[in-house]
Every structure is written in C-alpha cells, then in structure tokens.
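Biologist: Could you take me through a structure feature by feature, giving the general idea and then the case in hand?

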Amino acid sequence: MKRHIDCAGGEGLTALGPKLVPFFKAVLVYFVVLAGDDDLEARGPSWTGVLVKVLPILSLVLFVLLHEGLTLGLLGPECWFSRRVLLALALSALADALLVWPAHFLSGMAVFGVAHLLYIAAFGFRPLRPVLGLALYALSAWAVSFLVPSLTGPLALGVPLYALVLATMLWRAVASSRRPTAPWSGLCPRVGGLLFAASDALIGFHMFHRPIPHSQALIMATYYAAQLGMALSIVGRSGAEEDGLRVLPVRPG
C-alpha cells in the first residue's frame with residue numbers, strides 16, 4: 001500500500017464537460033459583447049469590459065477548484081502542480097484586467113511574466129531537452145528583432161525580458177514528460193504553450209510592428225484556448241510523482 005493522494009482523477013472529456021460549461025459560456029459572452037463591438041475602442045476601457053474579459057479565466061479557476069476539490073488545501077506535495085496552475089490562472093485574470101487600460105501595459109505584462117514563472121515551476125525541468133530550448137530561444141530572439149525598432153523606454157527592456165520568460169514557458173510546456181492517466185491531457189500543456197506564444201506574438205506584432213486585421217478576435221481566441229489547455233493539464237496528474245518525489249510505503253498497523 002502506498003501513501004499517495006491522486007490530485008487529479010483520470011476523467012474523460014465527457015465527464016469534464018459540465019465543469020467547463022461556465023468557461024465556454026463566458027468565452028461566448030466575450031465575443032458577442034466585446035469582440036464584435038466596433039465602437040469598443042472609441043468608448044475606452046470600462047469595468048464592464050474588464051469583467052467580460054476576465055470571466056473566462058475565472059471560469060477556469062473555478063474548473064480547477066471543482067476538479068480538485070478539497071485536495072487543493074493540502075499542504076503536502078501532492079497538489080503542487082494544480083496549485084501552481086491555479087495561481088497562474090488567477091494572476092492571468094489580474095493581468096487581463098490591467099491590460100484593459102493602456103497605461104498599465106507594463107504592469108500587466110509583468111504579472112503575466114509571473115504567471116509564466118508559475119507554469120514553468122509546474123512543468124519543471126525534467127527532461128531538460130536543451131536543443132529544443134535553444135531552438136525556441138533563437139526563434140524568440142528572431143521574432144523580437146522585428147519589434148525592437150519600435151520599443152522605447154521601459155518597453156525596450158520589458159518586452160525582450162517577457163519574451164525570454166515566454167520562450168522558457170513554451171520550452172518547458174513542450175518538453176514536459178508526463179504520464180497522466182488521461183493520455184489526451186498530456187498534449188494539453190504543449191498545445192496551450194504554443195497557443196499562448198502565438199497569442200502574445202500577435203499582440204507584439206500588432207502593437208509594435210504593423211496592424212493585424214481582426215487582431216482582437218485572433219488574440220483572444222488563441223489566448224483563451226491556450227489557458228484552457230493549461231487548465232486541462234491538471235487532469236490525470238499525480239502531484240507527488242510529477243514533482244519527482246519518492247512515494248513512501250505506509251507502515252502496516
């Protein structure tokens with residue numbers, strides 16, 4: 001017998017569906033209310049806009065809480081992965097709110113950077129796969145080179161630093177070697193990381209290189225899909241095993 005708490009059961013997609021209904025409804029509301037509103041930018045930021053924008057991510061926070069239940073309250077290592085994902089999602093919601101106001105762009109980017117660090121901590125560095133990391137860093141540097149001429153002031157340092165953290169998150173998400181009880185969930189961090197990078201690349205090129213048609217819809221569609229992938233990566237994961245901790249047998253009697 002082993003002392004082991006499975007922090008995420010191997011549920012199928014059908015069983016997970018009801019827990020994800022709030023997320024899909026919130027995404028639908030966003031695209032109906034905001035993304036299709038041609039006068040949105042003219043009216044400027046609003047708290048209604050903030051609420052509608054962050055609701056999908058808050059719905060994913062709710063999904064993690066519903067899926068894990070009370071086990072997230074454990075202080076041991078069993079649920080480290082899920083707690084890190086939960087905190088990353090919560091910080092992402094805060095960053096989304098900050099980015100509604102252009103004056104808080106740097107602050108929002110910094111908060112997203114911390115969220116990425118939490119994802120990096122969740123995925124870990126085993127296996128290392130350094131060649132993949134070097135390739136992604138080179139690709140990131142190449143992409144940032146298109147933005148550099150338009151970066152001034154704090155952005156000249158902030159954007160490259162953020163790109164470095166984002167590339168690291170993508171590296172660890174793709175390199176993650178997991179053995180989940182739900183095999184499809186092993187693809188979720190990889191797809192989520194790739195879509196996150198795509199969404200942020202769209203933001204960077206739209207803001208600092210050249211305008212992209214329908215950028216808002218493209219950015220948010222890839223972003224919400226990315227965060228869904230990150231949230232689903234908790235399914236079928238054993239926290240103690242994934243953190244590389246030795247599972248100790250329970251002494252009988």
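Modeller: Let us begin with His 214, which is exposed, at a relative accessible area of 69%; here exposed means over 50%, buried under 20%, and partly exposed in between, with a 1.4 Å probe and protein chains only. This is a predicted model, in which local features need pLDDT of at least 70 and side-chain atom pairs count only at pLDDT 80 or more, while totals for chains, interfaces and linings use all residues. Residues are numbered from 1 along each chain as its sequence is written, and side-chain values use heavy atoms, with hydrogens and water left out.

Biologist: Where does His 214 lie, and what is its phi?

Modeller: Most residues other than glycine have a negative phi, and most peptide bonds are trans. His 214, although not a glycine, has a positive phi of about 55 degrees, and it lies in the loop between helix 8 (188-208) and helix 9 (215-232). Helices are DSSP runs of H or I with at least four residues, strands are runs of E with at least two, and both are numbered from the N terminus.

Biologist: Which peptide bond is cis, and what is the phi of Arg 129?

Modeller: The bond from Arg 126 to Pro 127 is cis, with omega near -5 degrees, and Pro 127 is found in the loop between helix 5 (105-123) and helix 6 (130-147). Arg 129, also found in the loop between helix 5 and helix 6, has a positive phi of about 50 degrees without being a glycine. Arg 129 counts as partly exposed, its relative accessibility being 41%.

Biologist: How should I read a charged residue such as Asp 96, and what is the distance to the nearest side chain of opposite charge?

Modeller: A salt bridge is a side-chain nitrogen of Lys or Arg within 4 Å of a carboxyl oxygen of Asp or Glu; in assigning charge, Lys and Arg count as positive and Asp and Glu as negative, while His and the chain ends are not counted. Asp 96, in helix 4 (residues 80-99), is buried yet has no salt bridge, and the nearest side chain of opposite charge, that of Lys 53, is 4.4 Å away. A polar contact is a pair of N or O atoms within 3.5 Å; within protein, one must be able to donate a hydrogen and the other to accept it, and residues adjacent in sequence count only if both atoms are side-chain atoms. Such a contact, of 2.7 Å, joins the side chains of Asp 96 and Tyr 223.

Biologist: Is Ala 95 buried or exposed, and what does it touch?

Modeller: Ala 95, also placed in helix 4, counts as buried, at 0% relative accessibility. Contact means heavy atoms within 4.5 Å; leaving aside residues up to four places away in sequence, Ala 95 touches Gly 108, Val 111 and Phe 112.

Biologist: Which residues touch the most other members of the largest nonpolar core?

Modeller: A nonpolar core is a set of buried Ala, Val, Leu, Ile, Met, Phe, Trp, Tyr and Cys residues joined through side-chain atoms within 4.5 Å. The largest one has 60 residues, of which Phe 63, Leu 89 and Tyr 119 touch the most other members. The elements giving two or more residues to this core include helix 1 (13-35), helix 3 (47-68) and helix 7.

Biologist: How many helices and strands does the whole chain have?

Modeller: The protein chain has ten helices and zero strands, and buried residues make up 44% of its 253 residues.
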